[in-house]
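Colleague: Can you walk me through this model? I would like the fold, then the ligand site.

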Amino acid sequence: MTFRATVLTIFPDMFPGALGMSLAGKALAAGTWSLETIDIRDFGIGVHRQVDDTPAGGGPGMVMKADVLARAIDSIGADDRPRLLMSPRGRPLTQRRVIDLAAGPGAVILCGRFEGVDERLIEARGLEEVSVGDYVLSGGEIAALVLLDACIRLLPGVMGKAVSAQEESFAQGLLEYPHFTRPQVFEGRPIPGILLSGDHAKIAAWRRSEAERLTRERRPDLATRGDLDSVLENPPKKGPSKA
Ligand code: SAH
């Protein structure tokens, strides 16, 4: 099953961007995922292909027009992919949501610009607003790349053994334990001896306690949120196979 991404943007040249390189780029070439960009401007109004207008009620900036965006979205046709709007007002993206998206058929992603999009469009097309963090970007494109990158690396075959759902940051609501590799001593700092002991049970216990310590110190909110606790026992179901 190919993970199908359709991105609506006024800057289609920003895609695949960084996702055309490295593992995501190879997976794109291999057909593990597909990318279609839709240039919102193709649906703009008049000779200037206008996509935005001044805000009702006044104020600074411009608002993306509902009629233009609706035509752009409707050009895709109906399918079972979630329709997302990148938005700082959205629900913050979590690894839990990423895992669910990656197990599905793909995503339709609308990238906002200017002050954002007409509220009626969000309602009328049932868009799910997704935020990549509590800060404001100049547009949704980089946020869309972030979301897609997080999904693509989880697709079967993209990273092979390197992705371990059990041990990565956020699995079991914990940050990951610290990593070390050769040289054995770096600027007077040795690799923790236990990692060189060959005792796998002890190593696992040490890593677990380090993960817990780091999480307590840095992200006490994660320990209580328990985002992924249930994922490991109930992996997301794969959708029906489709072309
Ligand atoms: N005036 C808006 C910000 C608009 S930023 C506000 O205060 O909420 C322009 C576009 O960038 C948004 O429409 C959205 O698509 C994108 N964007 C900005 N910050 C984002 C974030 N943290 N997560 C996801 N998308 C974001």
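Modeller: The chain has eight helices and nine strands, taken as DSSP runs numbered from the N terminus (helices H or I, at least four residues; strands E, at least two). This is a predicted model: local features need pLDDT of at least 70, side-chain atom pairs count only at pLDDT 80 or more, and totals for chains, interfaces and linings use all residues. Residues are numbered from 1 along each chain as its sequence is written, and side-chain values use heavy atoms, with hydrogens and water left out.

Colleague: How many of the residues count as buried?

Modeller: 37% of the 243 residues, with buried meaning under 20% relative accessible area (1.4 Å probe, protein chains only).

Colleague: Which polar backbone atoms sit by a nitrogen atom of the ligand?

Modeller: One of V132, at 3.1 Å, and one of L137, at 2.9 Å. A polar contact here is a pair of N or O atoms within 3.5 Å. An oxygen atom of the ligand is also 3.4 Å from a polar backbone atom of G139.

Colleague: How much of the ligand does the protein bury?

Modeller: 84% of the 560 Å² that the ligand exposes when taken alone, by the Shrake-Rupley method with a 1.4 Å probe.

Conventions: Polar contact = N/O pair within 3.5 Å; in protein donor to acceptor, adjacent residues only side chain to side chain. Buried < 20%, exposed > 50% of the residue type's maximum accessible area, 1.4 Å probe, protein only.
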